[in-house]
Amino acid sequence: MVSKNSSRGVRQPMSLKYMDEFRDGGLARRILTKLKKQCSGRAPMRFMEICGTHTVAVFRSGLRPLLPSSLELISGPGCPVCVTASEDIDKAIWFASQPHVLVATFGDLLRVPGSRASLAQERAQGADVRMVYSAMDAVELAQENHDKEVVFIGIGFETTAPTVAAAVTHAERLGLKNFSVFSVHKVLPPAMEALLSSGDLRLDGFLCPGHVTTVIGAKAYEALAARYHMPCVITGFEPLDILHGLWMLIQQRFSGTARVEIQYRRGVTWEGNVAAQRLMAQVFRPADAVWRGLGRIPLSGLAFRDEWVRFDATQKFQVPQLDSREDPGCRCGDVLRGVLSPPQCPLFRKVCTPQSPKGPCMVSSEGTCGAYFKYAYDGPNLEEEEKY
């Protein structure tokens with residue numbers, strides 16, 4: 001990219017500074033110095049980064065060991081693959097075992113172990129399981145495979161659900177009869193409330209996810225902050241976003257306030273993306289959902305509204321009661337609740353690795369165990385990152 005220097009009449013290279021501004025090492029060091037000065041002599045504080053993308057960003061940018069020793073960051077249930085329960089993986093595998101059924105889903109989910117196998121293992125045994133990058137890809141598969149029922153395994157939070165709703169309405173316009181969705185979508189605020197109401201966790205604030213909040217709006221956390229007197233700051237995913245967000249949380253804690261603040265103002269508004277909210281509400285309604293590690297949480301999932309139920313895979317097929325179970329040795333559930341750090345799991349780096357994962361937190365690109373494996377021991381390992 002070039003820009004014209006009008007004073008000299010020549011074209012010179014123009015750098016893309018927008019990203020660099022959020023990775024300014026000098027500014028980061030100054031903020032860290034102020035953070036350490038502010039936290040000196042204060043009681044320890046624990047903040048939870050809800051989103052797996054935040055977890056990876058903190059590790060990848062090398063922030064974690066630079067933070068004040070009295071400030072602890074723990075990871076929460078913000079990775080959609082990680083919170084998918086074994087029983088839902090088992091149902092996805094059941095769909096794939098049916099005659100003339102093609103199962104489509106995102107790549108991360110393929111290697112997540114269910115009670116006895118993963119979708120990738122079923123594919124190796126001959127099941128028709130395809131990786132897609134979007135729900136629209138699955139609609140295209142349905143157009144190309146009229147002799148098969150295409151079941152899209154719909155996982156994800158409020159960032160993904162509107163795109164799946166758009167795919168369903170598109171399939172309706174196309175008149176497709178061989179497309180359906182197994183909706184395992186989840187919404188975040190009820191899970192955050194479940195964490196706080198459990199009494200298992202001592203927290204001083206939430207770093208709330210920037211991308212989810214672009215859809216639901218900052219107001220979605222207002223009741224939570226008031227009810228539990230819990231500071232909430234919505235941040236972006238660059239190092240300075242995260243440092244600034246931590247700074248805002250600390251100021252709230254020191255002042256004794258608990259409110260919702262937006263650090264990520266370039267992406268988030270108070271109301272959110274109203275068009276996406278309407279599209280999501282057009283197709284889906286709130287429903288109870290089972291979260292790995294958290295159990296069944298009221299109104300934390302999305303089910304089809306009656307007028308769209310013809311696209312509900314669980315209504316098209318009679319799914320039997322499956323004998324599902326979690327691996328008794330896997331501690332992903334405790335990691336997702338923030339009560340266990342991955343290195344405290346007996347399986348971590350011994351029998352559970354990215355090559356041989358025992359649970360979803362080691363599989364997913366946003367998983368806490370995977371992040372600790374790649375970054376926490378010897379610093380950022382870009383070769384490992386490229387490999388997985």
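This briefing walks through a few helices, loops and single residues of the structure above. Bear in mind that the model is predicted. Helix α2 has its buried residues lined up along one face, while helix α17 is mostly covered.

**Helix α2: one face in, one face out**

- Helix α2 runs over residues 25–39, and at 1.5 Å a residue its 15 residues should span 21 Å; the C-alpha atoms at its ends are 21 Å apart, so the two values agree.
- Which residues of α2 are buried? They are Ala-28, Ile-31, Leu-32, Leu-35 and Cys-39.
- Look down the axis of α2 and those buried residues fall within an arc of 105°, so they line one face of the helix.
- Some background on that pattern: an α-helix has 3.6 residues a turn, so residues three or four places apart point the same way.
- What do the buried residues of α2 pack against? Their partners are β3 (45–51) and α12 (239–255).
- Turned away from the buried side, the other face of α2 carries the exposed residues Arg-29, Arg-30, Thr-33, Lys-34 and Lys-37.
- Just past the helix, Gly-41 has a positive phi of about 80°.

**Helices α3 and α17, side by side**

- The axes of α3 (residues 52–60) and α17 (residues 368–376) come within 10 Å and cross at roughly 5°.
- With angles under 35 degrees counting as roughly parallel, α3 and α17 are therefore roughly parallel to each other.
- On the α3 side, the contact is made by Thr-55, Val-56, Phe-59 and Arg-60.
- On the α17 side, Thr-368, Ala-371, Tyr-372, Tyr-375 and Ala-376 take part.
- How much of α17 is buried? The count is 8 of its 9 residues, and the buried set is Thr-368, Cys-369, Gly-370, Ala-371, Tyr-372, Phe-373, Lys-374 and Tyr-375.
- Thr-368 sits in α17 and has a relative accessibility of 6%, so it counts as buried.
- Setting aside neighbours within four places in sequence, Thr-368 is in contact with Thr-55, Ser-75, Val-335, Pro-342 and Cys-361.

**Helix α9 and what follows it**

- The buried residues in α9 (residues 188–198) include Leu-188, Pro-189, Pro-190, Ala-191, Met-192, Leu-195 and Leu-196.
- Just after α9, Gly-199 takes a positive phi of about 80°.

**Arg-337 and its partners**

- Not counting residues up to four places away in sequence, Arg-337 touches Met-48, Leu-195, Asp-200, Leu-201, Gly-293 and Leu-294.

- Trp-270 and Lys-219 are 51 residues apart in sequence, yet their C-alpha atoms are 5.5 Å apart in space.
- Beyond neighbours within four places in sequence, Trp-270 is in contact with Gly-217, Ala-218, Lys-219, Glu-222, Val-260 and Ile-262.
- Is Phe-311 buried or exposed? Its relative accessibility is 2%, so Phe-311 counts as buried.
- Phe-311 and Glu-172 are 139 residues apart along the chain, with 8.9 Å between their C-alpha atoms.
- Leaving out residues up to four places away in sequence, Phe-311 touches Val-168, Ala-171, Glu-172, Leu-176, Phe-179, Ser-180, Val-181 and Phe-304.

**Positive phi without a glycine**

- His-100 is not a glycine, but its phi is positive, near 60°.
- His-100 is found in the loop between α4 (86–96) and β5 (101–105), and with a relative accessible area of 60% it is exposed.
- Leu-299 isn't a glycine either, and it has a positive phi of about 55°; this residue is in strand β13 (residues 295–304).

Conventions
Residues numbered from 1 in each chain as written. Predicted model: local features only at pLDDT ≥ 70, side-chain atom pairs only at ≥ 80, totals over all residues. Heavy atoms only, no water. Helix = DSSP H or I, 4+ residues; strand = E, 2+ residues; numbered from the N terminus. Expected span 1.5 Å × (residues − 1). Buried < 20%, exposed > 50% of the residue type's maximum accessible area, 1.4 Å probe, protein only. Arc of directions from axis to C-beta. Contact = heavy atoms within 4.5 Å. Axes fitted to C-alpha atoms, helices over the stretch in contact; angles between N-to-C directions. Parallel < 35°, antiparallel > 145°, perpendicular 65-115°, else oblique.
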